[in-house]
Amino acid sequence: MINIYIRATCIPRKRLEGFQMNLEISIVIPTHNRCQMLLSVLAALARQTFDPQGYEVIVVADGCQDDTVSAIKGLITPFHLILIEQPDSGPGVARNRGAEMASAPILMFLDDDVEPEPQLV
């Protein structure tokens with residue numbers, strides 16, 4: 001599933017060292033024990049034709065008990081990657097938590113089993 005929303009207001013959370021603060025899109029991905037699928041999604045996001053400094057990816061690990069958290073912590077990406085860990089609360093709560101942490105005016109929600117084409121962003 002892919003949903004895109006434009007927020008009425010946006011307050012950048014913080015200055016990101018090494019990244020321009022010209023973020024246009026925040027991509028929120030809730031996940032629960034789907035490490036390998038999530039890594040495929042993140043690899044596809046790294047191949048986007050859009051400038052990687054123009055978007056951030058927020059992964060919300062929703063009660064993950066597999067290798068998701070350690071895999072994400074060790075990942076190097078061309079875009080800014082934020083990992084949020086929370087107790088198992090369901091995908092809706094995870095999406096909302098990711099949206100709260102987003103810095104860009106446009107929110108894109110991806111499921112952890114959607115592998116985007118290079119022109120998605």
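Buried means under 20% relative accessible area, exposed over 50%, and partly exposed in between, with a 1.4 Å probe and protein chains only. Helices (H or I, at least four residues) and strands (E, at least two) are DSSP runs, numbered from the N terminus.

This is a predicted model, in which local features need pLDDT of at least 70 and side-chain atom pairs count only at pLDDT 80 or more, while totals for chains, interfaces and linings use all residues. Residues are numbered from 1 along each chain as its sequence is written, and side-chain values use heavy atoms, with hydrogens and water left out.

Select strand β3, residues 55-62, which is mostly covered, with 8 of its 8 residues buried. Tyr-55, Val-57, Val-59 and Ala-61 point one way from β3, whereas Glu-56, Ile-58, Val-60 and Asp-62 point the other way.

Now pick Glu-56, which counts as buried because its relative accessibility is 0%. A polar atom of the Glu-56 side chain lies 2.7 Å from the backbone nitrogen of Ser-103.

Finally, move to Asp-66, in the loop between β3 and α2, which is partly exposed, with a relative accessible area of 29%. Asp-66 and Arg-34 are 32 residues apart in sequence and 7.7 Å apart in space, C-alpha to C-alpha.

Technical notes:
A polar contact is a pair of N or O atoms within 3.5 Å; within protein, one must be able to donate a hydrogen and the other to accept it, and residues adjacent in sequence count only if both atoms are side-chain atoms.
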